Amino acid sequence: MSFKSAIYPGSFDPVTKGHMDIIKRSAKMYDKLYIAVLTNSSKRCSFTIDERIEMIKKCTAHISNVEVCTFSGLLAEYAKSIGVIAIVRGLRAVTDFEYEFQMALTNKKINKELETIFLTTNSKYMYLSSSIVKEIARNGGDITDFVPAAALEDIKNRLERNDKNGL
Ligand code: ADP
């Protein structure tokens with residue numbers, strides 16, 4: 001059987017338990033899973049690219065077939081350059097669908113060998129997003145249940161600093 005790898009791209013600003021669930025499940029489906037942290041997103045991120053990468057590395061250190069990387073430019077081209085056969089994305093709700101569908105078709109147009117695989121969210125994390133985590137933290141709430149334990153302190157520290165600096 002041939003070696004099969006996939007890429008899970010995202011902003012991960014910051015990584016949440018919802019992301020971790022998708023990572024753990026998709027790492028079981030492929031020989032290798034690249035987690036690709038987006039550098040050139042039009043989104044303004046609260047965490048630097050290095051912080052986002054470091055946090056995911058800490059949280060996935062125990063999963064041997066995961067590699068964290070970063071990319072800018074076209075995902076479909078990057079995917080081709082590292083030889084993956086699939087893009088993994090998580091679907092939370094109907095609201096995710098339209099954008100994801102558009103992206104999947106666009107990526108297929110650019111690289112027709114590449115499949116997009118959607119994993120439905122774990123119902124426990126349906127409501128969870130990086131923005132919700134930041135919103136809760138900004139309002140003094142406890143984010144322990146929403147982010148992986150290995151990244152909890154880093155996330156709290158950074159969001160407290162952002163808050164002080166009015167970011
Ligand atoms: P992007 O900016 O690319 O949407 P995100 O970091 O917000 O990056 O999300 C990366 C991927 O993880 C997306 O496919 C998104 O749908 C998925 N995802 C985010 N949160 C969850 C969750 N709670 N459950 C399942 N999938 C999720």
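## Close-up views of a predicted model

**View 1. Burial in the chain.** Of the chain's 167 residues, 43% count as buried. The model is predicted. The accessible surface of the chain is about 9500 Å². Carbon and sulfur atoms hold 53% of that surface.

**View 2. Overall dimensions of the chain.** The C-alpha trace spans about 50 × 30 × 30 Å along its principal axes. The chain has a radius of gyration of 16 Å. This agrees with a compact globule, because 167 residues in such a globule would give a value near 15 Å.

**View 3. Order of the elements.** Six helices and five strands make up the list of elements in the chain. Read from the N terminus, they run β-α-β-α-β-α-β-α-β-α-α. Among contacts with a separation of 6 or more, 78% come from residues 24 or more positions apart.

**View 4. Helix α4, residues 94-110.** Helix α4 has 17 residues. From its first C-alpha to its last, α4 reaches 25 Å. That is close to the 24 Å expected at 1.5 Å a residue.

**View 5. The buried residues of α4 and their neighbours.** Asp-96, Glu-100, Ala-104 and Asn-107 of α4 are buried. The buried residues of α4 pack against α3 (75-82). They also pack against two strands, β4 (86-91) and β5 (115-120).

**View 6. Charges of the chain.** The chain carries 24 positive and 20 negative charges. The mean positions of the two sets lie 2 Å apart.

How values were computed. Residues numbered from 1 in each chain as written. Predicted model: local features only at pLDDT ≥ 70, side-chain atom pairs only at ≥ 80, totals over all residues. Heavy atoms only, no water. Helix = DSSP H or I, 4+ residues; strand = E, 2+ residues; numbered from the N terminus. Rg over C-alpha atoms; globule rule 2.2 N^0.38 Å. Buried < 20%, exposed > 50% of the residue type's maximum accessible area, 1.4 Å probe, protein only. Contact = heavy atoms within 4.5 Å. Areas by Shrake-Rupley, 256 points an atom, 1.4 Å probe, with all protein chains shown as cover. Lys, Arg positive; Asp, Glu negative; His and termini not counted. Charge placed at Lys NZ, Arg CZ, Asp CG, Glu CD. Expected span 1.5 Å × (residues − 1).
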